[in-house]
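Biologist: Please bring up the model, and let us go through how its parts pack together.

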Amino acid sequence: MALASSSGPSTERAWWRDAVVYQVYLRSFADADGDGIGDLDGLRQHLDYLVQLGVDGIWLNPCYPSPQKDHGYDVADYRDIAPEYGDLATFDALTADAHARGLKVLMDLVPNHCSSEHPWFRAAVAAGPGSPERARFIFRDGRGDDGATPPNNWSSIFGGPAWTRIVEPDGTPGQWYLHLFDAAQPDFDWTHPDVIGMFDDVLRFWFDRGVDGFRIDVAAALYKHPGLPDWTGGHYNEYTHNRPQVHEVYRRWRRIADSYAPERELTFVGEIWVPGVADLAAYLRPDELHQAFYFDLLKQPWNGQLFRSSIDGALTGIGSTGATITWTLANHDVHRTVTRYGIVRADEPHESLDRNLAFIRPRGEVDTALGERRSRAACLLLLALPGSQYLYQGEELGLPEVLDLPDQVRQDPTWFRSEGLDPGRDGSRVPLPWTAQAPSFGFSPTQVTAEPWLPQPQWFVKYAASEQLKDADSTLALHRRALRVRRDLFSTVDRAVTWIDVPGRDDVLAFRRDSVTCVVVFGDTPLRPPAEWGSIVLCSAPVHQGQLAGNSAAWLHTP
Ligand code: GLC
């Protein structure tokens, strides 16, 4: 199938269209000052690792001042850096160091909500009902004679009600405020001009400092149904997501980005969970966001047919907008690929929880070795597809999810708000192992004041980056090779994909791009690739007598 590939002459060849961006969960990446928490200096010390890995840029999870109730997604000041991570000078040094190495820097923007410690929210609570300060948030009186029932039935995405009642300044039980996530994350009222204006300024603040773009957190949420009616339609609340007005915000932000020099090639990438690909494509119109994660593929279990129809959905549904597709298989909110693809017997999530959990954070019996083979195959698949990719830190090491963190160390608000029914996301956020050396596998320096903020299991030693660098067959080595070969083999002009059917093998997914055939064997039976596919340039598992192993992938090339 041929893909349209232009959304206007200025962005046709922009770096982000085919980039591989590495997601840095800063808190868990590398700790330079020994407090057990990753920081900007720790990241600066490892930039060469990222250059050698071969990525084009980094996306930093939020590093603004924050009470860290949702690890940075509760922002108390949008124009500063959290002291535990550094300060504005360290941030500027990081950007300069990254740019000197040819790496772009994307920040994470959180527009739906702020922290309950943000000065605006504190002022809103202090100012009382009906005040202009409250109008920047969604405060309402409760229902019932005593106002003790929440204003409507909406649920928090983290569990429990989406409303919390405050105590008024005079000490009486008062109004309720809306929070789609934790109670420490009050939602802004995006119909208020102050909110719109503040985010304009925030964008300019960071663009002026040299940032190359933003990942936009829960980008579909911002506007709520004005009447705040009860929602009775299942887990995806259409009164809180994907309201038509939200597109105006992205048109406005696009104009801001476009007001900078075109050579900057600034970009926005939306975190947009919407039911269908047509809804997603709407955000990618030429005057809106440049990119939006295609999460549909991330939700698929290890099955060739399901992967193919999901990829096809993106190629037709997004390719036709002129945007390139933004692929990703992992991030700080979902279980790591090794664990997801290694599930051999799944437990049903509790009936009160979102069905999506069965796909994004499945639990059950895991065959880690099998998951690792599949995750390596998925790496080659993703890197062969046209478009950009976001690679979550630690995926290049083949790290499994840490499923058995003790309850007392868990920090994710989903764990608390679901009363333990959803163990949450901490297991994908355990600090990285850099070396084989105890106590922190090189995450913190030897002189430390604290343990890593989440405990690393002993088996992390096997995944240490330093050890994998010595092994030509390691998952890290595979990523480095694949990223290098990708640059050489795949065109960024012609992004057409042609599927190849392999008779009798429904479990095999194969397609051609330019002179390369990418093949993934989802089943266990080996496959002998036909001669016309060319010779193997890269494979995710050893090839025996010309046969690709089950649960592996390869790139073949015809000169
Ligand atoms: C997004 C983030 C997630 C965060 C939530 C609330 O989904 O990826 O980590 O908890 O938004 O900001």
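Biologist: What distance separates the centres of domain 1 and domain 2?

Modeller: This is a predicted model. The domain assignment gives domain 1 as 14-112 + 194-468 and domain 2 as 119-178. Taken over C-alpha atoms, the centres of domain 1 and domain 2 are separated by 30 Å.

Biologist: How many residues does the contact take from domain 1 and from domain 2?

Modeller: Contact here means heavy atoms within 4.5 Å. On that basis, the contact takes 17 residues from domain 2, and from domain 1 it takes 21 residues.

Biologist: How is the aromatic pair of tyrosine 64 and tyrosine 78 classed?

Modeller: A search of the whole structure finds 43 aromatic pairs. For tyrosine 64 and tyrosine 78, the rings are 6.2 Å apart centre to centre, with 45° between the planes. Planes under 30 degrees apart would count as stacked and over 60 as edge-to-face, so the pair is tilted.

Biologist: How many residues apart in sequence are the parts that this pair ties together?

Modeller: Tyrosine 64 is buried, with a relative accessible area of 1%, and tyrosine 78 is buried with a relative accessible area of 1%. Both tyrosine 64 and tyrosine 78 lie in the loop between β2 (57-60) and α3 (88-100), so the parts tied together are 14 residues apart.

Biologist: Is aspartate 70 buried or exposed?

Modeller: Aspartate 70 is in the loop between β2 and α3. Leaving aside neighbours within four places in sequence, aspartate 70 is in contact with Phe158, Gln185, Pro413 and Arg425. The cut-off for buried is under 20% relative accessible area; aspartate 70 has 5%, so it is buried.

Biologist: Over the ring of which residue does the charged end of arginine 27 sit?

Modeller: One such arrangement has the charged end of arginine 410 over the ring of tryptophan 415, 5.5 Å from its centre. For arginine 27, the distance to the ring centre is 4.9 Å, and the ring belongs to tryptophan 453.

Biologist: What span does helix α6 reach from its first C-alpha to its last?

Modeller: Helix α6 (residues 246-258) has 13 residues, for which 18 Å is expected at 1.5 Å a residue. Its buried residues include Val246, Tyr250, Trp253 and Ile256. What covers the buried residues of α6 includes β3 (104-109), α5 (193-208) and β8 (267-270).

Biologist: How far apart in space are valine 105 and leucine 60, C-alpha to C-alpha?

Modeller: Valine 105 is in strand β3 and counts as buried, at 0% relative accessibility. Not counting residues up to four places away in sequence, valine 105 touches Leu60 and others, including Ile58, Phe91 and Val211. Valine 105 and leucine 60 are 45 residues apart in sequence, while in space their C-alpha atoms are separated by 7.6 Å.

Methods: Residues numbered from 1 in each chain as written. Predicted model: local features only at pLDDT ≥ 70, side-chain atom pairs only at ≥ 80, totals over all residues. Heavy atoms only, no water. Phe/Tyr/Trp six-rings, centres within 6.5 Å; stacked < 30°, edge-to-face > 60°. Helix = DSSP H or I, 4+ residues; strand = E, 2+ residues; numbered from the N terminus. Buried < 20%, exposed > 50% of the residue type's maximum accessible area, 1.4 Å probe, protein only. Lys NZ or Arg CZ within 6 Å of the ring centre and 35° of its normal. Expected span 1.5 Å × (residues − 1). Domains from an automatic or database assignment.
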